[in-house]
Amino acid sequence: MTELHPDLRENVRMLGELLGQSIQRYPGRECFERIEEIRAAAKSDRRQESGSGQRLVSLLGKLSDDELLPVTRAFNQFLNLANLAEQYHGIRRKRDHQSDLMVEPLAGVFDRLKDGGVSAEALHQCVADMRVEFVLTAHPTEVARRTLIMKYDEMSDCLASLDHADLLPSEREAITERLSRLVAEAWHTDEIRHERPTAVDEAKWGFAVIENSLWQALPRFLGDLDRSLQEATGEGLPLQASPVRIASWMGGDRDGNPNVTHQVTQKVFLLGRWMAADLFLRDIKSLRAELSMWQASDELRDLSGDSREPYRYVLAELRDRLIKTRDWAEARVNGEPADTSGILFENEDLTAPLELCYRSLVECGLEKIANGALLDTIRRAHTFGLPLSRLDIRQEATRHAEAVAEMVEYLGLGDYLSWSEKERQVFLIQELQGRRPLVPRNWEPSEPVREVLDTCEVVAQQTPEALGSYVISMASKPSDVLSVILLLRESGMKFPMRIVPLFETLDDLRGAPDSMSALYEVDWYRDYCQGRQEVMIGYSDSSKDAGQLMAAWAQYQAQEKLTQVANRFGVHLTLFHGRGGTVGRGGGPANRAILSQPPGSVNGSFRITEQGEMIRFKFGLPQLAVQSLTLYSTAVIEATLAPPPEPEKAWRDTMDWLTERSLKAYREVVRENPDFVPYFRQVTPEQALGKLALGSRPARRKASGGVESLRAIPWIFAWTQMRLMLPSWLGSDVALEDAAREGRLPELREMMQGWPFFRTYVDMLEMVLAKADLRIAGYYEKTLLDDDKLRALGTSLGERLEGCVQRLLELKEQHELLEGEPVFAHSMRVRNPYTDPLHYLQAELLKRDRESEGKGEVPELVERALKVTMAGISAGMRNTG
């Protein structure tokens, strides 16, 4: 059995001890001893394989109302500290230390590709042209408050300082004292948000990730990439290259979120410009201190005149314009009149003077100076630019159709919504080819249409660098895309914005290739998109709709066919992957996911959503962000230059055979069993999730309705909380059972061996099954279900889960789960004694919560403790939705 690395174990122990000291000070020694007794009981229950959790349940049952909150908070806090230690361990720097989470260096990947026959020219071309874009989304899964996240980041800095071997005893003592104080501060800080964040709050959180982590990480990563490329190909990264970009949905995603209005979007654009001006101002101030040289090129002299410090002269002018820009953005955010003279708006206003200084230094033989802090700022200017990040807009297709319909009706041209697709296209293209405005000046549209048009107007006022993609959910026809282009043009848009259809249900995915083919057949549109198209694949909704196995196969086939269709029309396709953090929402180790994409589908460009707590786990600290950027980039380069082989026909047939069974089995339970929705509502904390002020979006698309109206995130969150993990395995159990019965496991082993897609799927399934826990799920059922029919369904699902585990072990020829992932397995074992009490308490608190609601009033202590259990379990499972 693999143990934790000694350094990691020591940090977990130290943080746990410091937390214990805080608890002993408040609420006191008695409470601390009670917590320790509960932890010991949880550990001993885990050691007995058949342990029923009885001792633990009995101890928890004796807690008074006053003890509920401190006990749940203690276990929650410990799990957050364990996460912090683990996160730091992944990036710690020690001569004798090989992190279990080390990322293969760029140079190693480049050497491997060259050994495999990739030429230096092809490698350089691929890296120089690469486009990897991370889209930060505010999906409501970040449970930890930003106040606490900042404290955890500072704790990581303390752990890094303690790793220095040359500390004096007094220095070590001072750092430990600071760490102790931070742990105490965290313990005395309310971990639950009481106010739901606004869409603007979410956007500020996204900007804070850039300010505190990515701002430092990006030049570091690009420096590594430049050096490795130089060594591997003899040529470095072009000065203006931006292979990695950051975009955001925070403040732009209005699909199903009425809180995101055009005013919100406008404010987020302005806040981005304010933050960018502030960050570049800091850079320019330190560059002015550094660039005190007098040698300069004639080109620079023409601008600086006879100044003795020509670089400082040019940078002073840039500094003054940045100050004006920051003041202008701040005034606009506050709704005050603002002077636009002298502000920086187009990105070239920022990059031109910086590049002028760079060229001058190089011309004067001062490359060493040019390639220092100045190059870092130039890289930031090309990546983040004056808008800081690229904002995507997302809206549902019907909202655009309704807007066009109102215009058409006002002009007396007919009933647009009743027109055939062909008629819609003819009308839209005719308008797009014409010059006259469609919207009359004195027209008064309805409120919803006014909002769509106002949003388009806000978008049309931005520079290209400020905009990501306009994503259309529920898009299925060319007119869905053409109508958005028309609305943007009517609002004054001067350049072609990327318009991206999103395909997310099973039927959408199956119809996607034909939809895109129909769009490419429109000659006008092919000219508009200039040979480049982006298509978004939704992972969450397809999994909820069809089960994980069927969804994964449908996503794979859709990507394959979309790539073929784009190639047929000579269009370069970028696939935008709408993945969540959990396996049920397409999550899992990023590099393996990218390397298991269909051959030819990555092709040098890749776009992916990063959401909620996964942003923190991947980009929360600069060194972590460097690792994540390296991991994704190398996977994209490798998938482009050395894609996996095409799967054999027999394997495809087998996938069809498996998914036919998994889809039927999944839908028989989720859609057709009348007991399923009541079971789900009663046995999971789904209805209590609304109490957690996680994000600005409502948890449901419609106030009433069954599973289909529930967003994918609360759907996954709820099952994860009670450890049945149902969305990730239901359906796969029957497919594997049938395969075993018909003697097809050897064939599946062959597929695992030769097909990265199938191998990754099986490994992800194993990871989820390892997180599932029937003993805990059974306790929720026993505590919360009083209907025999619902209990019978629970028993049947439990038996199916057990069967799925057995079949998976048989397939992988293992005795226990995670034999090939010992570090992950041990990490789960370390967390169990802390998550177990939270699960048992949560079931009990849910029961009390529901009983109290029946009487009309829920005691505040019960509600707060319940929220803390949800936050703690999320931390323990390392993901929420």
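Predicted model: local features only at pLDDT ≥ 70, side-chain atom pairs only at ≥ 80, totals over all residues.

Residues are numbered from 1 along each chain as its sequence is written, and side-chain values use heavy atoms, with hydrogens and water left out.

Start at helix 14, residues 367–383; helices here are DSSP runs of H or I with at least four residues, strands are E runs of at least two, and both are numbered from the N terminus. Helix 14 bends by about 50° at Leu-374, the bend being the angle between axes fitted to the seven residues ending there and the seven starting there. Leu-374 is also among the buried residues of helix 14, which include Ala-370 and Ile-378 (buried means under 20% relative accessible area, exposed over 50%, partly exposed in between, with a 1.4 Å probe and protein chains only). Their cover includes helix 9, strand 2, helix 10 and helix 13. Just after helix 14, Gly-385 has a positive phi of about 65°.

Next, find Leu-411 in the loop between helix 15 and helix 16. Leu-411 counts as partly exposed because its relative accessibility is 32%.

A nonpolar core is a set of buried Ala, Val, Leu, Ile, Met, Phe, Trp, Tyr and Cys residues joined through side-chain atoms within 4.5 Å. The largest has 282 residues, and Tyr-525 is one of those touching the most other members. Helix 9 gives the most to this core, with 16 residues.

Notes: Contact = heavy atoms within 4.5 Å.
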